[in-house]
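Work through the exercises below with the sequence and the model open side by side. Try each task before reading its solution.

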Amino acid sequence: MNQQEASTAQRRMVRAGELLERVEQFLFLEARLQDTHAYDEWESLWTDDAIYWVPANGATDPETQMSIIYDNRSRIRVRVNQLKTGRHHTQTPRSELARIVSNVELLDRVGDEIDVRANAFILEESLRGETMWAARNEYRLRMLGDDFKMIRKKVSLVNSHKPIFTLSFLV
Amino acid sequence: MTTANNPSSLIDYRALIEPTRVNSRLYHDQKIFEQELERIWYRSWVYVGHVSEVPNRNDYVTKSIGPTPVLLVHDRTGQISLLLNKCPHRGNQLCAYREGNRSTFTCPYHSWTFSNTGELAGFAYADGYEGSDKSKFGLGRVPRVGIYRGFVFGSFATEGPSLEEHLGGAKASIDQLLATSPEGELELTAGFLQHRTKANWKFMLENETDGYHPAFVHSSVFQVTDSGIGKLYGPQSTALTRDFGNGHTEFDLRPEWRRIGEPLAWFGTTTGKLPDYAKAMEASYGPERARQIMIDGSPHIMIFPNLFIAEIQLFVLQPIAVDETIQHVTALQFKGAQDFNRRLRQQTMGSVGPAGLLLADDTEMYERNHRGALINDPEWLTLSRGIHRERRDENDYLVGHSTDEVPQRGIWRHYTQLMAV
């Protein structure tokens, strides 16, 4: 590990206090909207310049390497719209979901943007059976008064380098 | 059938496969799966990887033939070889990494070291092997390696038809694919998505060139992307289904693209939006030929048993159990076509893999197919669509309407030849 990586690994905001609580409430809201398939409400959490990224194989460059999801704002909309057709067979019937979002850390704040990390553990129940998903999530949030929007969400599945089942719910 | 005269290994495939219907048992019977490994996967030609995945000397990447891991190696002498990932001493997994560059492999268990050509280079504490012939302790290897235009295939049979004989009519489709590259070469550099699928591999094999399902399975995508692709599938389509023989099948969209007559319509774009690519194509092939190539587009072909080229991406099917298959998929990348390649990656990531807008639904169908196959009544599945209107094309291949089951019948004819011994 070089010096820069070491300092990144130890990045955190001290005395986060009240801001941490507000960020957590936002992440829990996102989790609930995803679990309950509240597609429009979830979509409204994104900024116009958003990137939704689920890497594969631990890849670091989504511009040259295949990702499981690498959506810009317009593709996020297409993804949501497909879910809303009622004919996206893999979500008809919909997966039953419950997720725990925890280990929330505030890493950095520059102006009105905050970098946040959290772990997510999801149990999915679908026609195929029960599937467990675990991920390290990284968010860049924009503060808008008392509220937040997501500029970027990166979901690093712990098994992204292995064969994984269909991932058609909002992760 | 009496057990005394018929050991359980004796399965009468001709009684399970008829010209227009197949028995559900073929998809879920463990014994049949074991015989498929023996008679198809560990005998006939199977696609393993592409030379562009190991561009430099001593590069290696872990691939597979069915459930068996195989190291695709560009060895120290410059040869492409397929080594088995097993130390011949006590059977330890030799290499634990997906890819890398090394001239030797050392087993972590007792430190036996092998050249990447497969020979044993040395024992650890060699005095214990006094008088042993090192040449008898080489790595296992896939005995026959065949390369067609960069596509590397392996066969565990020491003799049999050559790769080119096996590919037959499918060679023309690979040529068609490479013609869409300005430099006539492919580079698989974007990495593979691995989509785990709880279904028998043959549901994927059959579906890849099925032109009957898209209007139904993918209607949600057609609706929300406004792509116009939906019109290519359905009763009015002039596209063709084709059986090349040897189990290779095609969904040929060229009649549709030629009717539309617009370069790059097959890729949902125009030469104006990809000017560098269009210029490079014209420089390589001349304006007229380049225009025709850009109208015709890239092929949609399933090369038996595991290589599926779907216009813009490449799938490799890997059966790992009777009810489990991994779909490996990557974006095709063409040498000398940067603007084109970016679009290939973006479209591929949106459409395939575990979260792909298309493949998530295909895969849902595979898994439901498998659950259906486990139900005994009715035991026969029907592949009769278009039997009354199939015909021979100018090359004497069977063709049918875009929604007909010509490919599926062809797959099972070849399957019967391999399995009924």
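The exercises that follow go from whole chains to single residues.

The model is a predicted one, in which local features need pLDDT of at least 70 and side-chain atom pairs count only at pLDDT 80 or more, while totals for chains, interfaces and linings use all residues. Residues are numbered from 1 along each chain as its sequence is written, and chains are lettered from A and ligands numbered from 1 in the order in which they are written.

**Exercise 1. Describe the overall build of chain B.**

Begin with secondary structure: chain B has 14 helices and 22 strands, where helices (H or I, at least four residues) and strands (E, at least two) are DSSP runs numbered from the N terminus. Along the principal axes, the C-alpha atoms of chain B fill a box of roughly 75 × 65 × 40 Å. Finally, 46% of the 421 residues of chain B count as buried; a residue is buried if 20 or more other C-beta atoms lie within 10 Å of its own, exposed if 12 or fewer, and partly exposed in between, with C-beta atoms placed from the backbone.

**Exercise 2. Identify the domains of chain B and describe where they touch.**

Domain bounds come from an automatic or database domain assignment, and chain B is divided into domain 1 (46–155) and domain 2 (170–419). The C-alpha centres of these two domains of chain B lie 32 Å apart. Two residues are in contact if their C-beta atoms, placed from the backbone, lie within 7 Å, and by this criterion 12 residues of domain 1 of chain B are in contact with 16 residues of domain 2 of chain B. On the domain 1 side, strand β3 (residues 46–50) of chain B gives the most, with 3 residues. That side has 5 nonpolar, 5 polar and 2 charged residues, where Ala, Val, Leu, Ile, Met, Phe, Trp, Tyr, Cys and Pro count as nonpolar, Asp, Glu, Lys and Arg as charged, and the others, Gly among them, as polar.

**Exercise 3. Characterise the side of chain A that touches chain B.**

First count the residues: the contact takes 29 from chain A and 32 from chain B. Then assign them to elements, which shows that β2 (67–72) and α4 (73–84) of chain A each give two or more residues to the side of chain A that touches chain B. The largest share of that side, 5 residues, comes from α4(A). By class, the side of chain A that touches chain B has 12 nonpolar, 12 polar and 5 charged residues.

**Exercise 4. Follow the pairing of β4 in chain A.**

Strand β3 (residues 96–110) of chain A is joined to β4(A) by 12 bridges and runs antiparallel to it; strands count as paired if DSSP finds at least two bridges between them. Within this pairing, Asp108(A) has Asp115(A) as its bridge partner in β4(A). The hairpin of β3(A) and β4(A) has 2 residues between the strands, and Gly111(A) in this hairpin takes a positive phi near 60°. Now turn to strand β5 (residues 129–144) of chain A, which pairs with β4(A) in the antiparallel sense over 14 bridges. Here Ala118(A) stands opposite Asn137(A) in β5(A), and β4(A) and β5(A) form a hairpin with 2 residues between them.
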